[in-house]
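Let's take a walk through this model together.

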Amino acid sequence: MLTHRGFSAWIEVDGQAIPEYLVAVNSKLNQVSCWIPSEESQVFSVHWSDAGGKVDTCSFITLDGVVVPGRFLLGSGTTSRSGVRTSKDTEAPFVFKKSQGGTTLSTASKSEAGMVTLKIKRVDRVSPRPANAYQDLTKIAPAQPNVGDLCAGFGAECKSHEQSPFTWAIKPHDASQIKSKKIATYVSFVFRYRSKEFLQSQGIMEPHQVPDTPSPSIPNRLRRDPVRRIASAPASAAPPTPSPTPPLRLSSKDNPKPYIASPYPLRRPTVDTRRTASWRSTTAAPGSASSHALVYFEYSPDSAVTKDGSDLEYHASE
C-alpha cells in the first residue's frame with residue numbers, strides 16, 4: 001500500500017493486494033511510485049482511500065496513457081475502480097495482457113507505457129450535471145511496449161451496476177487555482193508493472209526460495225545430511241555411578257523349602273526297610289572277637305509319633 005499526503009492507494013488481484021517493490025517518494029511532484037508483478041490475463045482493480053482530509057476529491061486513472069474517469073470521495077472513505085464504462089449497465093474490466101504492437105506512440109503516451117497511474121485532485125462540487133459519455137474502446141490507442149511484453153488494457157464487456165444519470169460539475173478547491181483551466185493534482189500514485197521474471201532478473205523482486213527439503217528426484221548420493229551443532233557442556237565431576245540394587249531375598253516364611261513326600265506310605269518296618277550301618281572301631285572291647293559292629297535303625301512299631309512329641313523314634317542295637 002502506497003501512502004502520501006493523507007491518501008493511500010493499492011492494486012488488487014482476486015481480492016488480494018499486490019505487493020509493491022522499490023517504493024519511492026517524489027516530494028517535489030507529490031508522487032509515490034513502485035514496481036508490481038503482473039501476469040497475462042490477470043484482471044485487476046485500483047483502490048484508494050482518504051484518511052479524513054474533509055475535502056472533496058475526484059480522481060482519474062491512466063492505463064498506458066489512456067485516461068479513465070475515477071470516482072468522488074467526499075472528504076473520507078475508500079473507493080475503487082475495476083473497469084471502464086461501455087454502456088448504461090456494462091463495463092470492460094482492467095486486465096494485463098500481451099502486447100500486439102502496431103500502435104503509433106505519441107510523446108506523452110510513450111512515457112506512460114507500462115504504468116498504471118492514479119491522480120487525485122481536491123475540488124469543490126458546484127452543481128449536478130449529466131453523466132460522462134461512454135468511451136468507445138475501438139478508438140482508444142493506448143501506449144504499448146514491445147510485441148510480446150505485457151500491457152494494461154481492457155477485457156471483454158461484462159454486466160455492471162447501472163450508471164447514475166448525473167455527476168458533479170467541479171471547481172478547484174484551492175483559491176490560487178480558481179483562474180486556472182486545469183485543476184492541479186494533489187497527489188499521484190504510479191504502479192510500474194512488469195512480469196515476475198523481469199523483476200527477478202533486475203534484482204527488484206527476490207527469486208523464489210529453494211525449499212530446505214530436496215526434491216525426491218535428486219539421487220541419494222547427492223543429498224547431504226543436515227549438519228547438527230553440538231554444544232559442549234561445562235566440565236564438571238561425573239556423578240558416582242550407583243551400584244546395582246541387590247535382588248530381594250525372601251524370608252524363609254515367604255519362601256518355604258519344597259516338601260518332598262516320602263515315596264513309601266507309613267507302615268510297620270520290615271527287615272527289608274531296615275537300614276544297616278557299619279563302622280570300624282578304633283579300640284576293640286576286651287574279649288571281643290571282632291573290631292566291627294553292626295547297628296540297626298528302625299522305626300518304632302508302636303506309633304509314628306512318640307509320647308514326647310517327636311516324629312520318629314530310633315532304636316540302636318548291636
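Strand S2 is covered on both faces: Phe7, Ala9, Ile11 and Val13 on one side are buried, and so are Ser8, Trp10 and Glu12 on the other. Buried here means under 20% relative accessible area, while exposed means over 50% and partly exposed is anything in between (1.4 Å probe, protein chains only). S2 spans residues 7-13, and because 7 of its 7 residues are buried, the strand is largely enclosed by the rest of the structure. Strands, by the way, are DSSP runs of E at least two residues long, and helices are runs of H or I of at least four, both numbered from the N terminus.

Before going on, a word on what you're looking at. This is a predicted model, so local features need a pLDDT of at least 70 and side-chain atom pairs count only at pLDDT 80 or more, whereas totals for chains, interfaces and linings use all residues. Residues are numbered from 1 along each chain as its sequence is written, and side-chain values use heavy atoms, with hydrogens and water left out.

Now, who sits beside S2? Strand S1 (residues 2-4) runs antiparallel to S2 and is joined to it by 3 bridges; two strands count as paired if DSSP finds at least two bridges between them. Leucine 2, for instance, has alanine 9 of S2 as its bridge partner. The hairpin of S1 and S2 has 2 residues between the strands, and there arginine 5 takes a positive phi near 55°.

Next, hop over to aspartate 124, in strand S13 (residues 115-130). Aspartate 124 is partly exposed, with a relative accessible area of 25%. Leaving aside neighbours within four places in sequence, aspartate 124 is in contact (heavy atoms within 4.5 Å) with Ala169, Ile170, Lys171, Pro172 and His173. Histidine 173 lies 49 residues away in sequence, yet the C-alpha to C-alpha distance is 5.3 Å. Their side chains make a polar contact at 3.0 Å. That term covers a pair of N or O atoms within 3.5 Å; within protein, one must be able to donate a hydrogen and the other to accept it, and residues adjacent in sequence count only if both atoms are side-chain atoms.

What about the cysteines? Cysteine 34 is buried, with a relative accessible area of 1%, and cysteine 158 is partly exposed at 37%. Taking a disulfide as a pair of cysteine sulfur atoms within 2.5 Å, the count comes to 0.

Stepping back, the chain has 2 helices and 19 strands, and 28% of its 318 residues count as buried. Among contacts between residues at least 6 apart in sequence, 71% join residues at least 24 apart.

Finally, confidence. pLDDT, the predictor's confidence in each residue on a scale from 0 to 100, averages 76 over the chain, and 60% of the residues score at least 70. Over residues 289-318 pLDDT stays under 50, though the model has 47 contacts beyond four places in sequence for that stretch. Where pLDDT is low, the predicted coordinates should not be read in detail.
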